[in-house]
Amino acid sequence: MSEKHPFQLRDHGHKIIELIVTDLDIKPDHKSIATLQLLKKKFEQIIFRLDESASLNPDVLPILLKVGEFGGLKIVAASAEQVLFDLHGIPLFKDTISAIQRIRGEKIAEKILKQIGTIGPMRSAAYNLLQMMRNPDVKFEEIEEVTSKDPNLVMRMLKTANTAYFRRRIPVETLKSAVTYLGLEGIRQLLIHEMFSNFAEFFSNQRDRLAHMRRCSHLSAFIGKTIGLDVPTIGKIRVAGLLHDLGSLAFSFYDEQEYRKVISMSRKEKLTTAEAELRVFGVDHTYLGVLYAKEMGMPDYVVSVIEKHHNEFIDAEDLTLMSVICANGFLNDKIEQIQYTGYDEYFKKFAEIIDSKNPALKNPPQEETETDEADEELSETEEIMDELTASFKPMQFYGLLKEELDQFIMAGVDAQGL
Ligand SMILES: [Fe+2]
Ligand SMILES: [Fe+2]
């Protein structure tokens, strides 16, 4: 029977076609695979569904990647056993309805990006510069020329170049030297802060979300400092934390009322925001945020944090992502009291890093045998040494984050801007 009907087709309209297969171990010579390539010419979206009995052979991957090159292929398989290899980004769904929902979501996301491209912050000098800096061979003179057209940006660059971190003996007074001192990454981070300020003005009706993003930025960077990361890495963490929920801003810009539905649905049904977004829009804020960030020319580390900040499994060495996940999870859990992505398991890793950098732990003081007269003095020293050589407890992070956040909120920085 499968010889005669190696597959079935179902037209869903709107240029979406579903191809259903039932055979085991489908290889490149299977008729459905040749058909996929033909369908690609006629339809915008192909849903390749493996029926319960079907499975894919890894040899088909190169063809699938070609067919799905511009996001036009979705695979449906109810069980993970049916596709036992990495699909390299081709989306996989448990059922056809979810695949169709995603296609709908992708269309909405496309529309949002088009609309958002027309707003003020996307026409600023900061935006133009970020675009320019996508070119790895960009010259400082070119950056200087574009910057010089925006007096606010010039002031900001001079101010940043004269902060404690960059300050030299002679103050930085010209744009040319500011650009040189800041370096490409420093300028990029400054531009991202500048873009965020522009967003904050434009999206001023979204105070809570903006405050959440600023708090997350501050706490993520605080974690970076606490575990002793270097200043450039902390700078990266700060901007990644600042933009992590960029997709949510874009959703509410597109349809504020619909986005309110997302928030109340997630509270009522105890869903994560991402789950509720999937139901309402077909894609979540990580998907939309990645598209938006790429469109703006954001660096890879920012895109990666936007994409993965709700992932349960992450690279165990990615401290930038881990810091943002912890700050975001802490805020969601303890402050906003909404469904959150697991975060406190990373506290253990942070505590280990702190301990590994504690010299007193590496070389614990030798036990001393002293006379009775020195006993009192000795016990005081012991107390201090005990404190120094005590391992950092993962649970201590709760208190540290709370204290830091309280100070940040009291300073009013989260509500006013950077
Ligand atoms: Fe998020
Ligand atoms: Fe968040």
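Colleague: What is the site of the iron ion (ligand 1), given the angles among its four donor atoms?
Modeller: This is a predicted model. The angles among the four donor atoms run from 84 to 173°. The site of the iron ion (ligand 1) is irregular.

Colleague: Which residue bridges the iron ion (ligand 1) and the iron ion (ligand 2)?
Modeller: The protein donors of ligand 1 are His285, His309 and His310, each through NE2, and Asp245 through OD. They lie 2.1 to 2.3 Å from the iron ion. The two iron ions lie 3.6 Å apart, and the bridge between them is Asp245.

Colleague: Is His309 buried or exposed?
Modeller: Buried means under 20% relative accessible area. His309 has 1% relative accessibility, so this residue counts as buried.

Colleague: How do the rings of Phe203 and Phe253 pair?
Modeller: The count comes to 14 aromatic pairs. In this one, the ring centres are 5.9 Å apart and the planes stand at 80°. Planes over 60 degrees apart count as edge-to-face. Therefore the pair of Phe203 and Phe253 is edge-to-face.

Colleague: How far apart in sequence are the parts that this pair ties together?
Modeller: Phe203 lies in the loop between α7 (175–202) and α8 (207–226). Phe253 lies in helix α10 (residues 246–254), so the parts tied together are apart in sequence by 50 residues.

Technical notes:
Residues are numbered from 1 along each chain as its sequence is written. Chains are lettered from A and ligands numbered from 1 in the order in which they are written. This is a predicted model: local features need pLDDT of at least 70, side-chain atom pairs count only at pLDDT 80 or more; totals for chains, interfaces and linings use all residues. Side-chain values use heavy atoms; hydrogens and water are left out. Donors are N, O and S atoms within 2.8 Å of the metal (3.2 Å for Na, K and Ca); water is not among the atoms, so sites may look incomplete. Four donors count as tetrahedral if all angles lie between 85 and 135 degrees; four count as square planar and six as octahedral if opposite donors are over 155 degrees apart and all others between 65 and 115; anything else is irregular. Buried means under 20% relative accessible area, exposed over 50%, partly exposed in between (1.4 Å probe, protein chains only). Rings of Phe, Tyr and Trp (its six-membered ring) pair if their centres lie within 6.5 Å; planes under 30 degrees apart count as stacked, over 60 as edge-to-face and the rest as tilted. Helices (H or I, at least four residues) and strands (E, at least two) are DSSP runs, numbered from the N terminus.
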